[in-house]
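Student: I have a model open and some questions about it. Can we go through them one at a time?

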Amino acid sequence: MDLSFKLSDNSKKLEKLVLDTNASFADIGSFDAISSYEMECKDAKLTCPSKLFLKDILGLTGCEISVNKMTAGSKAPFAHKHKENEELWIVLKGTGSIGVDGKEYPVKEGSFLKISPDGVRTISATTDLEFLCIQTKAGSLNESTLTDGVILQ
Ligand code: ZN
C-alpha cells in the first residue's frame, strides 16, 4: 500500500521546480491560490483539496510540511494524532480554532501551535484560514542554529 500523497489530476501543477544537488526550489504562487492545488493518496482513498504536501516534491528528509487553506465555516473531516511526529502549525492568514485533546486554541495570523504526537487534534476555520503544518519526529533535533551551523568566511 502506497500511503504517499501526490498531486491529483485536478490539481494545479508546479510550474517552477528545480531539483539541484544541494537545493530544491518550488514556487507555488500566492498562498491565496493554494486552493488550486489538490493532493490525493489513491491507496487510502483520501483527497485533500486546498493542500500541498512538500516532502516528496522537494525531497525533504527530516520533515513534512503542508501548505493549507480552509474556507470560512469549514472544519477538518476527522480528528487525528500521530505515531511519532510532533507538528508545528503556523497560521499565515485568517481566523479559526485548533483543538487539542478537547481544548480549543483560537488562532489567527502569527499563531504558532506545537502539538505532541499523542495530542488528538481538530481544526476549524472561522474565516478563510491559511496555515502551514510542519511535521518532525519528536525528539529528533539534537543540534540547531549555532550548534549545528558552520559559519564560513
Ligand atoms: Zn497531522
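Student: Is Asp 101 buried or exposed?
Tutor: This is a predicted model, and the accessible area is computed from it. Exposed means over 50% relative accessible area. Asp 101 has 56%, so Asp 101 is exposed.

Student: Where does Asp 101 sit, and what is its phi?
Tutor: Most residues other than glycine have a negative phi. Asp 101 is found in the loop between strand 9 and strand 10. It is not a glycine, yet its phi is positive, at about 55 degrees.

Student: What phi does Thr 145 have, and where is Thr 145 placed?
Tutor: Thr 145 lies in the segment after strand 13 (129-137). Thr 145 is exposed, with a relative accessible area of 66%. Its phi is positive in a residue other than glycine, near 45 degrees.

Student: Which residue of strand 12 stands opposite Ile 98?
Tutor: Strand 9 covers residues 95-100. It pairs with strand 12 in the antiparallel sense over five bridges. Opposite Ile 98 stands Ile 123.

Student: How many disulfides does the whole structure have?
Tutor: A disulfide is a covalent bond between the sulfur atoms of two cysteines. The cut-off for the sulfur pair is 2.5 Å. A search of the whole structure gives a count of zero.

Student: Which cysteine sulfur is nearest to that of Cys 41?
Tutor: Cys 41 is in no disulfide. It is buried, with a relative accessible area of 1%. The nearest cysteine sulfur is 8.7 Å away and belongs to Cys 48.

Student: And which one is nearest to Cys 133?
Tutor: Cys 133 is also buried, with a relative accessible area of 6%. It is in no disulfide. The nearest cysteine sulfur is 10 Å away, that of Cys 63.

Student: Turning to rings, how many aromatic pairs are there, and why is the pair of Phe 5 and Phe 53 tilted?
Tutor: The count comes to two aromatic pairs. The ring centres of Phe 5 and Phe 53 are 4.8 Å apart. Stacked needs planes under 30 degrees apart and edge-to-face over 60. The planes of Phe 5 and Phe 53 are at 40 degrees, so the pair is tilted.

Student: How many residues apart in sequence are the parts that this pair ties together?
Tutor: Phe 5 is in the segment before strand 1 (6-7), and Phe 53 is in strand 6 (residues 51-53). Phe 5 and Phe 53 are both buried. The parts are 48 residues apart.

Student: What kind of pair do Trp 89 and Phe 131 form?
Tutor: Trp 89 is in strand 8 (residues 85-93) and Phe 131 in strand 13, 42 residues apart. Trp 89 and Phe 131 are both buried. The ring centres are 5.4 Å apart, with 10 degrees between the planes. The pair is stacked.

Definitions and conventions: Residues are numbered from 1 along each chain as its sequence is written. This is a predicted model: local features need pLDDT of at least 70, side-chain atom pairs count only at pLDDT 80 or more; totals for chains, interfaces and linings use all residues. Side-chain values use heavy atoms; hydrogens and water are left out. Two strands pair if DSSP finds at least two bridges between them. Helices (H or I, at least four residues) and strands (E, at least two) are DSSP runs, numbered from the N terminus. Buried means under 20% relative accessible area, exposed over 50%, partly exposed in between (1.4 Å probe, protein chains only). Rings of Phe, Tyr and Trp (its six-membered ring) pair if their centres lie within 6.5 Å; planes under 30 degrees apart count as stacked, over 60 as edge-to-face and the rest as tilted.
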